[in-house]
Amino acid sequence: MPIENELFSAVDALLEEVAQDDLPTPEERKRLREAAGLSQEQIAKALKSRRETIGNWESGVTEPRPPKRAAYARLLEGLAARFPAPAAEAPAAPPAPVIPEAFTGSAPVPAPAAEARVAPAAAVRPAPAAKPASSSRRQGAKKAAAKKTTASAADVDPRFENGPLAVVDIDADGQVSAYCVGGLVLDVPAKTIPALVDWTLAEAKLGQARLHRNGRDADPILVLTASALERFGLPAALSEEERHAGRLPSGHKVIKQIERAGLQMTQRGLGPWARLYRDPEGSRRRCVQLCILPWNALDTREWGRKDDPELLLTMHPADLARYLGLYAARVMTPRGSTATTGLELMTALRPPTRSEKDEATGEFKRAFNDDALTHLYPVVECEVPDEHPILKDKFARHHMRTPAEMLMEEAYDWCRPLTDEECANPYLVAIDINMSYAAAANGLTIGLNGPTHLTGNPTFDASLPGSWLVDLSHVDLSRVRVNGRTVDGDRLPSPFTPTGERPTGPAWYSTPTVAYAVELGFDVAPIEAYVRTQTGRYLDSWYKRLRDAYVETMADMGVTTDLQGEEFLEAMARRKQTDPTMALLETAIKATAKGAIGKLRQRSRGQVPYYEPYPALERVNWRPDIRAAVLANQRTGLHRKLMKTAAAADLYPTSIGTDAIVYPSPGPSPLDLLPTTPEGKPVPGGFRLGVSPGMVKHQGTQTVLWAEQQFEERGGVFNISNLIKTADPTAGEGE
């Protein structure tokens with residue numbers, strides 16, 4: 001009956017509200033599951049979640065949110081009735097909780113007394129009676145508190161039981177403390193940098209297990225705060241000369257301490273990211289990486305918030321350890337910038353070498369993996385940037401290379417004037433593709449060996465990655481048909497140039513671009529090409545790792561893959577207020593994906609004169625052809641969606657900036673413009689709202705009047721796609 005259904009719905013809503021705060025402690029959740037003989041996979045399947053998420057709930061890293069919280073509470077309640085806790089194991093009443101420092105730049109919350117030292121971000125435990133003198137582990141910070149963020153305690157490598165990294169800070173009482181993941185705090189007896197390194201190698205149990213069986217374990221990371229720098233004799237900031245050099249001078253007293261202790265450093269010296277090591281013991285590396293926070297080791301643009309550049313410096317060490325520990329667990333242990341880490345992730349997931357037994361001698365030797373980048377190969381003139389040594393004496397001074405001389409595969413930077421009909425719409429709505437570069441890398445076939453030069457008008461082969469010199473100026477998209485409907489190609493950018501302008505003659509293109517011209521039904525006749533014959537989907541595992549990290553992080557902020565329409569838009573709008581740490585992690589993961597692709601064609605940063613070899617060229621993964629293929633795939637994939645959308649709803653963009661697309665709209669929401677099928681589902685092949693990479697989210701909304709004012713002030717039409725950053729159409733200039 002209708003009235004009865006309404007009553008039951010109201011009661012269920014009340015039960016769900018009650019369940020919000022009525023959950024056992026993380027330790028009790030794990031005990032109940034194990035007592036029932038259930039695995040994390042079984043519970044994850046029942047709750048339509050992921051095993052790692054259940055592990056987070058049992059370690060206290062994250063808490064379940066509605067609607068799964070109510071279901072999880074009901075499960076635990078039923079298990080508790082069947083498997084009550086023994087009286088001897090009943091937990092004592094905890095002391096007053098310690099409130100973690102807010103992410104608003106406020107003063108740090110004072111740490112608790114030494115004999116009950118637990119990081120503020122961790123669940124508080126009863127204080128012990130006394131502090132043992134023989135252990136560096138803080139009482140009150142038990143081993144159980146050091147569980148990994150995305151794995152159960154049983155999965156923890158005993159060599160690295162305290163996590164991948166620690167934040168070294170000086171407490172109010174002058175004690176040197178190492179804040180680890182999971183709320184664990186360790187006493188640090190070291191008084192010098194060499195002693196700190198040796199303590200880390202001998203006692204700290206920090207590091208991360210290899211991501212691939214043929215790879216290597218990650219070295220432990222020590223993040224040094226400002227107070228730690230003062231204690232260990234390092235300057236609070238680098239001088240201008242030291243910043244330019246990227247390191248302390250060789251005569252500095254700490255450098256001398258390191259040398260006297262027999263420690264070695266890499267050629268980078270003691271800079272924001274420094275590696276200190278001793279010779280390996282057999283197969284065991286003895287290396288520690290220092291991340292010196294006040295020296296801008298963690299760039300605010302990648303790791304922090306642009307509107308709060310001091311955030312990372314003022315964050316409580318426990319919160320910083322949680323943040324970086326989550327990044328390490330979901331992506332990998334940081335290796336420098338997010339771009340550097342993203343590039344290292346490719347190598348960690350596709351190691352170039354493995355051990356292979358020599359049948360003749362019985363000894364193991366090094367062998368190369370077929371699915372990895374293993375060697376430096378000759379470069380191709382059209383694929384390299386202007387300062388590359390191979391171009392020396394090739395062109396006149398200040399010559400600007402043309403598309404026929406240089407592979408210009410870049411993301412879109414395109415705009416056009418609005419038509420009178422489009423100006424009748426009150427709004428401009430910008431949508432943004434989630435992790436577009438990572439999505440473009442998924443399933444992409446790339447070359448793993450060196451180039452083969454094809455001449456004499458070779459036949460185009462879409463299965464061969466590389467660069468093709470071909471004339472696509474004959475491709476006319478002014479009136480093309482998609483799904484039986486005519487599309488006005490004049491209101492769409494050309495898929496063959498970053499500017500969206502139609503090509504005027506022969507030009508170099510990556511394989512995905514030429515393949516798209518064939519897909520559109522046009523003939524292509526390459527003049528010459530440089531192709532790679534050994535191919536593979538090298539970036540697939542890299543994409544999957546970053547995809548899982550991004551989706552899990554967004555789910556922790558309440559944005560799950562099952563959300564659609566208005567629910568998804570609302571969850572996205574409030575996500576950053578849900579958990580500030582996760583908001584930082586979202587930014588870092590996206591920067592990792594984008595930066596790593598750019599790093600494949602890293603340019604000289606002024607280290608050497610023009611046309612002289614620079615360090616990046618010595619990497620086997622300095623591969624500008626792979627970067628070009630990813631960008632070409634991203635741009636042509638975007639154009640494919642533009643065509644599908646235009647065919648379905650006669651809807652055309654007015655500007656595109658990389659992965660932000662602006663459409664005129666009758667309403668302020670993406671729901672007001674994105675076309676759907678008669679069943680209410682997204683148009684196949686078009687843009688779809690969602691959290692997964694390749695789907696789109698709402699970037700912002702402005703009025704058409706606002707856009708006209710911008711054009712008038714700046715003297716003509718320009719690309720406004722990245723100025724529309726707010727969902728409030730009455731707000732200021734794209735704030």
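The paragraphs below lead through several helices, a sheet and some backbone details of this structure.

The structure is a predicted model, in which local features need a pLDDT of at least 70 and side-chain atom pairs count only at pLDDT 80 or more, whereas totals for chains, interfaces and linings use all residues. Residues are numbered from 1 along each chain as its sequence is written, and side-chain values use heavy atoms, with hydrogens and water left out.

Strand 17 runs antiparallel to strand 14 (residues 466–471) and is joined to it by five bridges, and Ser467 has Ser510 of strand 17 as its bridge partner.

Another packing arrangement involves helix 13 (residues 338–349) and helix 19 (residues 580–599), whose axes are 7 Å apart and meet at an angle of about 70 degrees. Helix 13 and helix 19 are therefore roughly perpendicular to each other, a description that applies from 65 to 115 degrees, while angles under 35 count as roughly parallel, those over 145 as roughly antiparallel and the rest as oblique. From helix 13 the contact includes Thr338, Gly342 and Met346, and from helix 19 it includes Ala588, Gly595 and Lys599. The residues of this contact divide into seven nonpolar, five polar and one charged, with Ala, Val, Leu, Ile, Met, Phe, Trp, Tyr, Cys and Pro counted as nonpolar, Asp, Glu, Lys and Arg as charged, and the others, Gly among them, as polar.

Helix 21 (residues 704–714) has Val704, Trp706, Ala707, Gln710 and Phe711 buried, that is, under 20% relative accessible area, with exposed meaning over 50% and partly exposed in between (1.4 Å probe, protein chains only). Because these residues cover an arc of only 160 degrees around the axis, they lie on the same side of helix 21; the arc is that of the directions from the helix axis to the C-beta atoms. Their cover includes helix 14 (420–423), strand 11 (427–433) and strand 22 (696–703), whereas Leu705, Glu712 and Glu713 are exposed on the other side of helix 21. Just after helix 21, Gly715 takes a positive phi of about 75 degrees.

Most residues other than glycine have a negative phi. Lys205, although not a glycine, has a positive phi of about 55 degrees; it is found in the loop between helix 6 (193–204) and strand 4 (221–224) and is partly exposed at 39% relative accessible area. Lys205 is also among the residues touched by Thr200, which lies in helix 6 and is buried, with a relative accessible area of 3%. Met435, likewise not a glycine, has a positive phi of about 45 degrees, lies in the loop between strand 11 and helix 15 (436–441), and counts as buried at 8% relative accessibility.

Key: Helices (H or I, at least four residues) and strands (E, at least two) are DSSP runs, numbered from the N terminus. Contact means heavy atoms within 4.5 Å. Axes are lines fitted to C-alpha atoms, for helices over the stretch in contact, and angles run from 0 to 180 degrees between N-to-C directions. Two strands pair if DSSP finds at least two bridges between them. Lists of a residue's contacts leave out its neighbours within four places in sequence.
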